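Hi,

Here is the structure I promised you. Have a look first, and my notes on what turned up follow below.

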Amino acid sequence: MSLSFLSLLLGSGVSLEASRLSAESMVGSFIAAALLIIVPAASFLIWVSNKDQLTRSR
């Protein structure tokens, strides 16, 4: 299955530049998602966890 897909991809005339640009865009999307979603959510969860820990110790 994967060999037939690979031969189809290589035989379709996809240029290396188009593949490189697509890969760069994918990596950029992952970085943007991390900055916009994961980092703020993790920061919020850490803040809530620390605040809850202080409340429980009183």
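**What I found**

Let's start with Arg-20, which is partly exposed at a relative accessible area of 41%. On this scale, buried means under 20% relative accessible area, exposed over 50%, and partly exposed in between, with a 1.4 Å probe and protein chains only.

Before you go further: this is a predicted model, where local features need pLDDT of at least 70 and side-chain atom pairs count only at pLDDT 80 or more, while totals for chains, interfaces and linings use all residues. Residues are numbered from 1 along each chain as its sequence is written, and side-chain values use heavy atoms, with hydrogens and water left out.

Now the overall picture. There are two helices and zero strands in the chain; both kinds of element are DSSP runs numbered from the N terminus (helices H or I, at least four residues; strands E, at least two). Of the 58 residues, 0% count as buried. The accessible surface is about 5300 Å², with 72% of it belonging to carbon and sulfur atoms. Those areas come from the Shrake-Rupley method with a 1.4 Å probe, and for residues only the protein chains shown count as cover.

Back to Arg-20, which sits in helix H2. What does Arg-20 form a salt bridge with? The partner is Glu-24, with the closest N and O atoms 2.8 Å apart. The rule asks for a side-chain nitrogen of Lys or Arg within 4 Å of a carboxyl oxygen of Asp or Glu, and the count by it is one salt bridge. Glu-24 and Arg-20 are four residues apart in helix H2 (residues 16-57), so about one helical turn separates them. Glu-24 is partly exposed too, at 43% relative accessibility.

Next, the rings. The count here is one aromatic pair. It is Phe-44 with Trp-47, tilted, at 6.1 Å centre to centre and 35 degrees between the planes. For reference, rings of Phe, Tyr and Trp (its six-membered ring) pair if their centres lie within 6.5 Å; planes under 30 degrees apart are stacked, over 60 edge-to-face, the rest tilted. Phe-44 and Trp-47 are three residues apart in helix H2, so again about one helical turn lies between them.

There is also a nonpolar surface patch of about 950 Å², whose members include Met-26, Phe-30, Leu-36 and Val-39. Patches take residues with over 30% relative accessible area and no salt bridge, joining like charges within 9 Å and nonpolar side chains (Val, Leu, Ile, Met, Phe, Trp, Tyr) within 5 Å. Leu-36 belongs to helix H2 and is exposed, at 68% relative accessibility.

Finally, Ala-34, also in helix H2, is partly exposed at 26%. Leaving aside neighbours within four places in sequence, Ala-34 is in contact (heavy atoms within 4.5 Å) with Val-39 and Pro-40.

Cheers
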